[in-house]
Amino acid sequence: MRKWWVRAILPVVAAGWILSGSTARANDFYLRVGGSLERAEETRFKDKSCSSTSPAALYGCGTGNDGAPKSTLGHFGTMAGFELGVGRLVTPALRLEAVLQHRPSFSFKGRANFVQTTARQSVSADLSSFSGMIAGYVDLPRLGLRKFGPINPFIGGGAGLSRIAIGETRMEFPKTATIVPGGQRVGFARMLTAGVGMELTRTVALDLAYRYTNSGAAETGRGTGRIVWHDGSREPLELGLAETRARLSSQGIWVSLRYRF
């Protein structure tokens, strides 16, 4: 199986012919460096297959104590990231860009709904993500829309691959804790954005935008988990567990500097 980072940057490599060419003029190309702050939407970790028996499904089929399918409801919280993009002005109004984004650390927090107890069932895990996308941006004043001084509104969108890694998931119960093995998954990702660019000099611009991103799914590993007793009265009990997954989508802002060369 290909390494995750190879698969994640394939969209960037595949777009090389767009971002290069013998007809390119001075200042057609640019480098963009920026950061983002996003808030993830509410999601559920569910079994990849609730009927799996070997290895066993973590939740199983049916409904939990809240009437919803057996699962963990929660969110990935606030995620900070940074990104690097290389782009080209293809037409006076259209920019195409190959971009890599890394969110080095964020957390999931939620609550499971197992029927065995009505007590709080806290669930937590640490994650990271890496994505490679091809994006397109349309500068609206170039299409005849009004320009507000040095400010240029733009819209855009992109698609590519995202790799999400999740560490061990810890599920806390009154007397025990269940530890679910970590895992990673590479899947399809996409984003939509709208923002404004401000020219600071003839070659440097500042971009500020709102962005919606669907990063695909976070997936726990297929492997050996364990149940541990808080009071140490018993030795940990090992469990063979199948995968669970949850969708990761977010909304937020990104700020970047764009340098034309």
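A: Two strands pair if DSSP finds at least two bridges between them; strands are DSSP runs of E, at least two residues long, numbered from the N terminus. Strand 7 (residues 151-166) and strand 10 (residues 183-199) pair in the antiparallel sense over 16 bridges. Strand 7 also runs antiparallel to strand 6, with 13 bridges joining them. Ile166 has Leu127 as a bridge partner. In strand 10, Ile166 is bridged to Gly183.

The model is predicted: local features need pLDDT of at least 70, side-chain atom pairs pLDDT 80 or more, while totals for chains, interfaces and linings use all residues. Residues are numbered from 1 along each chain, and side-chain values use heavy atoms, without hydrogens or water.

Ile166 also lines the second largest cavity (a set of 1 Å grid points where a 1.4 Å probe fits but cannot get out; lining residues have an atom within 4 Å of a point). This cavity holds about 60 Å³ (the space filled by probe spheres on points joined across faces, edges and corners). Phe45, Phe108, Val123, Ala125, Thr169 and Met171 are among its other lining residues. Strand 6 and strand 8 (169-172) each give two or more residues to this lining. The lining divides into nine nonpolar, three polar and no charged residues (nonpolar: Ala, Val, Leu, Ile, Met, Phe, Trp, Tyr, Cys, Pro; charged: Asp, Glu, Lys, Arg; polar: the others).

The whole structure has three cavities of 30 Å³ or more. Strand 5 (94-112), strand 6 (122-139) and strand 11 (204-219) each supply two or more of the lining residues. Five lining residues are nonpolar, three polar and three charged.

Note on methods:
1 Å grid on protein atoms, 1.4 Å probe; cavity = no way out; pocket = protein on both sides within 12 Å on 5 of 7 lines; lining within 4 Å. Helix = DSSP H or I, 4+ residues; strand = E, 2+ residues; numbered from the N terminus.
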